[in-house]
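Dear colleague,

I am passing on the structure we spoke about, together with some notes on how its chains pack. Please look through it before reading on.

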Amino acid sequence: MSGATHPLVCRDLSISFGGVKAVQGVSLALPTGKVLALVGPNGAGKTTLFNLITGNLRADAGEATLDDESLIGLKPWQVARRGVARSFQDLRLFTHMTVRENALAATERGSWFWQTGDAKARAARVEAALEATGLSSLAESRAVDLAYAERKFLSMARILAAEARIWLLDEPASGLDLASRIRFAALLRAATARSVTICLIEHNLDVVAELADEIAFLDRGVVLAVGEPQAILRDKALAAIYFGERVA
Amino acid sequence: MLFLQLLLGGLQTGALYALTACGFALIFGATKVFHFAHGASFTLAGYLFLLMWNNGYPAWLGVLAAILVATGFGVAMERFVYRPIQRHEGGFFTVFVAAFGVSLVVQNLVGMWAGRGFVVADSTLSRATEVLPEVFLAPVFWVSLAVAAVLFLALGLFLTRHPAGVALRALAQNSDLIRAYGLSSHRLSLLAFALGSALAAPAAVLTAITTGMNEAVGHHVMLISMAATIVGGVGSLKGAALAGLSLGVAESVVLNFADPQWAEAASFVVLFGFILFRPSGLFGHAVAR
Amino acid sequence: MTAYLANLATLAAIFGILAATLNVAVGYAGIFSVAHAVFFGLGAYAGAQLALLLVPDALLAMLVAALVAGGLSLCLALPALRVRGEYFVAASLGLQMMATTLFTEAKGLTGGMGGLVGIPRPMVLGFEVPTLALALAALVLILLATWLMARGSFGRTLRAIRDAESAAEALGKNINAAKALAVAFACAGAGVAGALFALHMSFVNVESFTLDQSVLVMAMVIVGGTGTLWGPLLGAVLLLSLPAGLSFLPFIPPTEIGAVQQIIYGAAMTLLMIFRPAGLLGDMRTGRKA
């Protein structure tokens with residue numbers, strides 16, 4: 001469960017907030033070039049798991065490794081520079097910057113007054129990311145002026161431009177109409193074809209069934225099951241937890 | 001005996017700081033507005049009292065007028081400055097700058113109208129007598145402590161017993177909660193401004209009787225209130241009051257060891273240290289970051 | 001009259017530098033410092049002492065001033081990295097109040113209330129030069145630097161941090177480094193302005209480095225427009241010509257000019273925040289969230 005086949009591995013990750021065990025003993029491995037979907041009722045600890053991997057939260061116990069190198073104790077920007085990109089449920093776009101600047105900012109890693117590396121290659125990556133997300137014609141619009149679906153795609157464009165190997169996507173498809181969802185699915189397939197490893201949190205089970213190669217089912221901070229989408233989605237006990245909690 | 005004298009003087013100043021700081025903390029806690037013009041309420045109240053006192057009006061009328069002008073000013077700020085800014089989603093700095101502008105205007109208008117420098121309301125309350133060898137106390141000392149004690153008691157009762165007070169405290173803890181229960185956060189925030197500003201008035205009147213007012217006093221009082229609110233822990237009125245009291249005592253007792261110009265700086269060293277090392281303050285729960 | 005105008009122009013250039021550099025912190029990095037006069041003062045004292053004790057070389061004075069102010073900018077960077085919003089404003093206010101006391105009391109370094117007197121005329125490479133030329137040259141260079149920075153990757157990083165700090169961090173940006181660098185740049189610039197001020201006035205004391213001065217510079221940035229290139233300069237010129245303009249009005253007694261000036265810019269700050277938060281030159285669309 002490591003190295004070439006599974007670049008990102010979590011072992012026994014745990015964290016609790018004031019007595020509430022948000023994530024307890026979670027072990028997961030993301031297979032290279034595949035899409036793993038995290039499914040589970042609200043409050044299952046899915047976003048918390050992302051925060052543990054990216055260094056936004058410090059795990060009480062357990063380990064997260066990227067290519068067998070520990071991520072624990074690294075700052076979020078250090079994790080990002082090792083090739084892990086994430087999106088946020090509330091997007092967190094650079095609202096007063098243009099679409100192009102949003103993507104450009106994702107390609108720039110240096111914190112000094114200048115950037116090292118090939119500026120032309122960065123610009124080309126930005127244009128490619130905007131093209132792939134269908135935002136080329138809106139390149140000079142400010143993020144705050146975009147429509148909902150466009151904002152979601154801008155959040156994806158930033159990740160594309162960042163050229164990460166691992167994508168952690170927090171509800172990237174929620175609220176998208178059918179046409180946008182098809183475009184979104186194409187984006188993910190193109191990425192996995194380039195061996196990008198993806199983990200996504202998603203509530204819409206149709207989207208999960210369509211995109212995921214593997215599903216991990218979380219409830220109350222624990223992984224209840226990991227496996228093939230069909231097997232998980234047909235599991236009556238899991239469905240009861242999922243929909244039962246959703247109704248209540 | 002100098003130390004005891006300074007300590008007692010510090011207690012009086014501290015009690016008045018505590019009142020003003022508590023008003024600021026109440027407003028900040030309940031509305032999340034950094035009411036930087038709070039000191040202007042203090043200045044206006046103090047000067048109006050002075051004006052009426054010097055023109056021979058009875059003291060109670062002066063106090064009433066002081067409370068009214070402080071409250072009115074606070075409510076007007078909420079209504080005409082902060083709410084319009086929040087309506088177009090102005091950030092905290094927009095609010096801060098607007099409030100700072102108003103306090104500059106008030107300070108300079110008062111300075112032009114009443115003259116610059118200290119003015120004291122001469123009263124028998126401020127005639128000191130020797131209570132211990134070399135320790136002098138004026139009746140205003142006891143009045144200040146009593147007023148602070150009574151007001152804190154009343155405020156505590158209001159916030160725990162009266163439905164509006166309970167709602168105010170809830171608002172300080174979680175503004176979403178209030179909206180969920182359908183309480184009008186508009187009216188509550190007006191109430192917070194009225195109540196918080198009114199608390200500055202008695203402190204201003206007592207200051208006018210004791211040490212006197214100058215046009216820049218609001219500025220100083222404001223900085224102290226802000227420091228006390230942060231040191232005490234945002235959201236904790238008790239913390240703000242206690243920190244205000246301590247800052248007043250510290251400011252006075254420092255005189256025993258150092259020159260007066262270090263007194264104010266001492267408060268800011270404390271403030272700066274707290275922000276760096278314990279931004280949640282003494283009694284706060286939420287961490288600023 | 002020429003001397004009067006040259007003096008006003010030199011001061012405008014010096015305050016233009018102050019406002020432009022404060023704008024880097026406020027307008028781009030979202031670090032709302034109310035302590036800019038502290039670094040102005042540090043630069044002024046450093047430049048003045050250098051000219052008094054060693055050589056009155058203007059370039060060296062500016063360099064030393066920039067190093068001193070830029071180095072001590074850590075005092076401002078530390079709270080900027082730990083807290084934000086109201087807390088940071090409070091911290092910078094605290095820093096300003098402490099510094100004012102220190103400037104007054106450290107008489108050996110600053111001359112206290114009496115200040116430092118008899119600062120020699122500035123020289124460059126052994127020739128005496130008018131401070132106006134120096135100040136204008138420094139202003140142009142600093143405006144150029146801010147312009148390059150604002151349109152380059154560093155400006156983008158700062159604006160990204162201002163808009164969504166956590167997202168910027170998730171994209172690999174070292175937020176602490178970027179913020180500290182922005183603060184150091186802003187403070188070093190204020191130091192340069194301070195050295196120029198000391199050489200121009202040939203006398204400095206603490207009264208130029210108080211909270212009132214910090215607020216004046218802040219007002220310049222805000223009136224002109226935060227996050228714009230020319231706004232701070234416009235604000236500096238407007239607010240500096242205010243007292244000069246007021247002195248022509250016969251119905252204002254000369255003793256009240258200071259107060260009237262403060263009333264005007266206080267009112268201007270409030271009204272702008274209510275009706276045009278982006279400032280005079282600001283883009284209305286971007287000014288909403290300062």
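In this predicted model, the largest nonpolar core comprises 284 residues, and those with the most contacts inside it are B:Ala21, B:Ala45, B:Phe49, B:Ala66, C:Ala182 and C:Leu196. The element that gives the most to this core is α10(C), with 20 residues.

Turning to the interfaces of chain C, its contact with chain B involves 36 residues of chain C and 39 residues of chain B. On the chain C side, the elements that give two or more residues are α4 (74-82), α5 (86-105), α11 (211-224) and α13 (257-275), and of these α5(C) gives the most, with 13 residues. By class, the residues of chain C that touch chain B divide into 22 nonpolar, seven polar and seven charged.

The contact between chain C and chain A takes 22 residues from chain C and 24 residues from chain A. Here α8 (153-163), α9 (165-170) and α10 (175-201) of chain C each supply at least two residues to the side that touches chain A, with α8(C) giving the most, at seven residues. That side of chain C, facing chain A, has eleven nonpolar, six polar and five charged residues.

With best wishes

Conventions. Residues numbered from 1 in each chain as written. Chains lettered and ligands numbered in written order. Predicted model: local features only at pLDDT ≥ 70, side-chain atom pairs only at ≥ 80, totals over all residues. Contact = placed C-beta atoms within 7 Å. Helix = DSSP H or I, 4+ residues; strand = E, 2+ residues; numbered from the N terminus. Nonpolar A, V, L, I, M, F, W, Y, C, P; charged D, E, K, R; others polar. Core = buried A, V, L, I, M, F, W, Y, C linked by C-beta atoms within 7 Å. Buried ≥ 20, exposed ≤ 12 C-beta atoms within 10 Å, placed from the backbone.
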